[in-house]
Amino acid sequence: MSMDNEQDFQGQKVDLKLWKRLFRYALRNKKALVQDIIALVIVAVIDALYPYLTRFAIDTFVNPGGEPSTNGVWIFGISYAVLILVQSFFTMLFIKRSGDIEMAISYDIRQEAFLHLQNLSFSFYDKTSVGYLMARMVSDIGRISEMISWSMVDVFWSSFYIVFSIVMMFVFNWKLTLIVLAVVPPLAIISYILQKAILKYQRAARKQNSRITGAFNEGIMGAMTTKTLVREEANAKEFETISTDMKKASVKAQVLSATFFPIIISLSAIATAVALMLGGAAVNATLSGLPYFLGAITAGTLVSFITYASGLFDPIQNLAGIFAELQSAQASAERVIGLLDTKSDITDTPEVAARYGTTMEPKRENWEPLIGEITFSHVDFYYKESEPLLKDFNLHIAPGETIALVGETGAGKSTIVNLICRFYEPVSGQILIDGKDYRERSELWLQSNLGYVLQQPHLFSGTIRDNIRFGRPDATDAEVAAAAKMVHADEFILHQAKGYDTDVGEGGVRLSTGQKQLISFARVILANPQIFVLDEATSSIDTETEQIIQNAITTVLEGRTSIVVAHRLSTIRNADRILVIRNGAITECGTHEELLALGGYYHDLYVHQFREDALKQALQ
């Protein structure tokens, strides 16, 4: 599967601006976020108070070097219990609010991304794989929402606890504190060295994840082709290669991430041991009344200090873990933002949007009625500049006229249709609808008046009724039935066990190609478009169904402008004009009879198909 649409992110460090932008999704839930942060701060404060209370208990109740005392021990015990209860409550609040924020962030980003996808032009989907989009919408967005709601918010707790602990340690003994903090610079250097490698492998893993998602999609959608071509073993080997690449990248990233923790544990153990050794000597010197370079330190102060010192590295370890996760999630964040920032190739100008509205907020009251006149005026077009498809192309289609496009594969038929539908726009020249450049009207105005029937019709999960009214959700059951009857689809629908309430299955798998095509015709008819486009609409169905559809087409297209891309020439005999397209130019034009009399390309093509059809009938 081609992955040319994967963005190639090459930044070598965490992009804080990108995460700041993503964090704005959390700010949309300010109430939950504020409660979350307050809960974290309170939990951190209480955590930081425990060593201080230990110092108080040792120096007051145990009193090394003096007489133990129990005065006030009950008050101390009750106070300690109250702190535990308060901390438990705010821990519960933190967990609940973090969960709320995670779900809200995931919901908001997915809603925005889905809405953005609706506004992107056809060209985006023409070159973007399903696997790429599924990976962005599901796993990447889930990863980001989890990162922001739990890990990044948890930074507040770790940071606050570290600051509070260091302050208390300096209060107890600044000399011993500086000795303990000497391990921090090596940690920073190691973190900097590892971050580039971690980010590199995480990006590689996310890219392979997109390929895996795409392979799953293609394997499921192409199951029948796989079976008929006996491709199971080859597909398995290809999938194993992709999975192995992701496994290697993921393992390397995890190994590098895991090195943080033993390094932190080792350095923290060394710092704690040094503090305990020097602090113990200071306590002995204090009890003996002897001078020591660290100054006087009580037993309670030493125990409290060691608790702070060892506890200090827990949040540092936590921050290191968050940092490693941030490296991992950076690749996901880049790709989600890349999707959200993707610009549509086809956009209305601000002036057009102001008058006619946007896709999501149309101003239908300002829309002019579409008559159906189409004009190509000196149109040039290419997908790649080195491979021009249309050059100085001119064509006029009168309102209500039926035009058929005939030609070999790659001649430019589909390109002409895509330009009419404004799926693409001319590189130069104009396409006029009712005498106006269609870029002076909204894209939605044109496409709301289009009825497009594809060679391979797509049905959505649901009932036949749901699919017919897909373009007009407000249509009544009577209108749905009338549209189906107009294209002779009611004949097979009423023979179904549940009639119009029959479930079509995913993609319409429970219906034949001809039945799906009839439903797609009914769907288009119900939308009542002024311009019809039939793109090889009868090339994949049997002769009997083709005749039914041909009768439907005759009824449906009456009074509407229609463009028919045809492979079977028998379906376009009644077209007002037949255009032979070769190398992006019109080489022959006329009615069926006129082109046969001309004796050119169309004549030869028709005679060849006539002989093929006659041979098939003779063999039946």
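**Close-ups of a predicted model**

**View 1. F393, a buried residue.** F393 has a relative accessible area of 4%, so it counts as buried (under 20%; exposed is over 50%, partly exposed in between, with a 1.4 Å probe and protein chains only). This is a predicted model, where local features need pLDDT of at least 70 and side-chain atom pairs count only at pLDDT 80 or more, while totals for chains, interfaces and linings use all residues. Residues are numbered from 1 along each chain as its sequence is written, and side-chain values use heavy atoms, leaving out hydrogens and water.

View 2. Setting aside neighbours within four places in sequence, F393 is in contact with F376, S377, H378, V379, I416, G584 and I586 (contact: heavy atoms within 4.5 Å). I586 is 193 residues away in sequence, yet the C-alpha atoms of F393 and I586 are 8.3 Å apart.

**View 3. The sheet around strand 2.** F393 sits in strand 2, residues 387–397 (strands are DSSP runs of E, at least two residues, and helices of H or I, at least four, numbered from the N terminus). Four strands make an open, antiparallel sheet in the order 2-1-4-5 (strands pair if DSSP finds at least two bridges between them). At the edges are strand 2 and strand 5 (436–437), each pairing on one side only. Strand 1 (residues 374–384) and strand 2 share 7 bridges in the antiparallel sense, and I374 stands opposite I397 in strand 2.

**View 4. V82 in helix 3.** V82 belongs to helix 3, residues 73–119. With a relative accessible area of 43%, V82 is partly exposed.
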